[in-house]
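Biologist: I have a new model open on my screen. Could you walk me through how its terms are decided?

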Amino acid sequence: MNPLRSRPALVALGATALLAVTTAVPSAAATPTRSAAAPGSVALDWYDTTAETIAAAGASTQVTNSRTWAISWLAAARATRAVPSGVDRGDYQDAALASAVHDALAALAPSRTEQLDAALKQTLDAIPDGLSEDKGVAAGGRQAELALKSREGDGLDSASVNAPYTVPAPAPGEWQPTPPAYAPATQYGNRLAKPFVLTSADQYRLPAPPSLDSRRYKADLAEVRAYGSLDSTKRTAHQTETANFWLGSSLTLYTEPLRVAVDRAPRSDAARAELVALFHVALVDTQIATSDSKYAYTRWRPVTAIRTGSIDQDPDWTPLHTTPAHPDYPSGHNTYSGAAEGVLDGLAGPSTAPFELTSSTAPGVTRTYTTWHQLTAENVDARIYSGIHTRSADEAGVTLGRNVAGQTLRTADRLLRAL
């Protein structure tokens with residue numbers, strides 16, 4: 001038995017109209033939120049604990065880690081959504097949120113159980129023993145158990161995500177493994193996984209990319225050739241910095257912007273939990289939808305087109321950054337940024353006070369933002385300056401991500417209903 005559960009006490013966006021609709025009204029018999037606690041401190045504490053847990057014990061595949069966020073915080077949002085009668089609202093929601101995230105993370109990252117137990121103890125020690133804490137812990141545990149069960153066998157484990165893919169025979173426009181490693185394709189299995197809110201992986205499948213002989217594609221390729229090469233004389237120092245800044249994992253790069261929104265926008269712990277849950281649900285489904293479009297069209301990467309294509313072939317052309325091992329269209333970084341922008345705009349508003357962001361792939365660089373769209377715009381340019389995506393692939397990615405975000409927000413009430 002978990003020693004934390006042996007205590008007698010442990011018996012078992014506001015920012016927008018949408019969030020107001022999806023947040024349940026507490027019972028009239030529930031007492032007001034206590035004023036002694038710092039508003040939102042438990043949500044922010046467990047946000048940081050989730051980020052630390054995934055950084056220390058996360059999976060090798062980004063979508064698997066997004067799934068961990070989504071399951072943990074869906075459980076928290078469901079557990080905190082309605083407050084039973086006869087309890088202190090703040091005590092109950094703090095206990096429910098902490099218990100839900102703790103239990104889900106302990107199941108998904110068992111190597112971090114000791115640290116998670118310590119974090120839960122710290123949260124519960126600050127809550128008065130009694131019925132509010134007891135019911136909160138029980139609700140959190142139940143919702144974590146149900147959320148985990150509902151996602152069993154969803155195909156988002158690392159092995160399933162990277163299911164084998166048979167490379168098509170070389171042909172103009174067809175994706176082929178890219179230099180220098182010529183590695184097998186990755187993320188093919190995402191399109192076979194179970195979404196959270198999409199009716200199918202292809203629900204928002206993009207239209208076909210521009211044809212190879214179109215004016216648009218020729219312009220796209222010329223832009224990547226000029227600005228994305230390793231030895232480009234057109235790319236400015238600031239553009240190179242942009243490419244480097246957005247090179248890393250989107251999950252990692254968006255952890256701080258989401259935390260900014262969680263800290264600033266919603267007015268309650270329940271609203272904060274909903275924001276985190278909906279953000280990561282949208283991002284899981286976006287990655288599923290991205291894989292669907294990528295492998296529906298299998299468009300070759302710029303490096304293949306430039307080295308082997310019929311237009312101004314240059315067999316020695318090398319991109320600034322190594323090309324990831326999956327098709328060009330659409331850009332995964334940009335589907336991610338489009339979905340993130342869609343959820344943040346919807347639940348936190350499009351603008352915020354200035355916040356700073358750093359990147360592990362651009363040491364010493366700090367950038368300041370006041371809108372979520374600025375992050376998207378930089379992502380679009382960054383993948384061109386890196387030499388790894390065409391602008392068509394980037395812009396289509398943003399569209400796909402926004403479509404999935406819209407679906408997530410429209411279905412939020414059903415998704416957040418307690419199981």
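Biologist: What makes a residue count as lining the largest pocket, and which lie nearest its centre?

Modeller: A pocket is an open set of points on a 1 Å grid over the protein atoms alone, where a 1.4 Å probe fits, with protein on both sides within 12 Å along at least five of seven lines, and lining residues have an atom within 4 Å of a point. Here 34 residues line the largest pocket, with Q62, Q187, S249, S250 and Q287 nearest its centre. This is a predicted model, where local features need pLDDT of at least 70 and side-chain atom pairs pLDDT 80 or more, while totals for chains, interfaces and linings use all residues. Residues are numbered from 1 along each chain as its sequence is written, and side-chain values use heavy atoms, leaving out hydrogens and water.

Biologist: How do the lining residues of the largest pocket divide?

Modeller: There are 11 nonpolar, 20 polar and 3 charged. Ala, Val, Leu, Ile, Met, Phe, Trp, Tyr, Cys and Pro count as nonpolar, Asp, Glu, Lys and Arg as charged, and the others, Gly among them, as polar.

Biologist: Why are α14 and α15 called roughly antiparallel?

Modeller: Angles run from 0 to 180 degrees between N-to-C directions, with axes fitted to C-alpha atoms over the stretch in contact. α14 and α15 (residues 372-385) pack at about 175°, their axes 9 Å apart. Over 145 degrees counts as roughly antiparallel, so the name applies to α14 and α15. Contact means heavy atoms within 4.5 Å, and H333 of α14 and W372 of α15 are among the residues making it.

Biologist: How many helices and strands does the chain have?

Modeller: The chain has 17 helices and 2 strands, taken as DSSP runs (H or I, at least four residues, for helices; E, at least two, for strands).

Note on methods
Angles under 35 degrees count as roughly parallel, over 145 as roughly antiparallel, 65 to 115 as roughly perpendicular and the rest as oblique.
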